[in-house]
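Hi! Here is the structure I promised to pass on. Have a look at it first, and my notes follow below.

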Amino acid sequence: MAKIPYVDQDVCISCNLCADTVPEVFRMNDAGLAEVYDPAGASEAKIQEAIDACPVACIFWQD
Ligand code: F3S
């Protein structure tokens, strides 16, 4: 099964980078925090790019 990413919204600082990098997977919610709306919207490699780029490292793969 494909891996599922999630955002720890307690840590997200609303930098927008993930939504800019992979808009097919991440978006900003009404509270201005990132959320995953389509975990299968992009390749794992592309999602990993967003994980690596997040300045506060609050995007993870679900176990
Ligand atoms: Fe938040 Fe990190 Fe995205 S700070 S907006 S989860 S890149």
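The ligand sits in the largest cavity, meaning that more than half of its atoms lie within 2 Å of the cavity's grid points. A cavity here is a set of points, on a 1 Å grid over the protein atoms alone, where a 1.4 Å probe fits but cannot get out. This is a predicted model, where local features need pLDDT of at least 70 and side-chain atom pairs pLDDT 80 or more, while totals for chains, interfaces and linings use all residues. Residues are numbered from 1 along each chain, and side-chain values use heavy atoms, without hydrogens or water.

The largest cavity has a volume of about 60 Å³, the space filled by probe spheres set on its points. Of its 14 lining residues (an atom within 4 Å of a point), Cys-12, Cys-15, Cys-18, Cys-54 and Cys-58 are closest to the centre. By class, that lining has 12 nonpolar, 2 polar and no charged residues (Cys counts as nonpolar, Gly as polar).

And around the ligand itself? There are 13 residues (a heavy atom within 4 Å), with Cys-12, Ile-13, Asn-16, Cys-18 and Cys-54 the closest.

Definitions and conventions. 1 Å grid on protein atoms, 1.4 Å probe; cavity = no way out; pocket = protein on both sides within 12 Å on 5 of 7 lines; lining within 4 Å.
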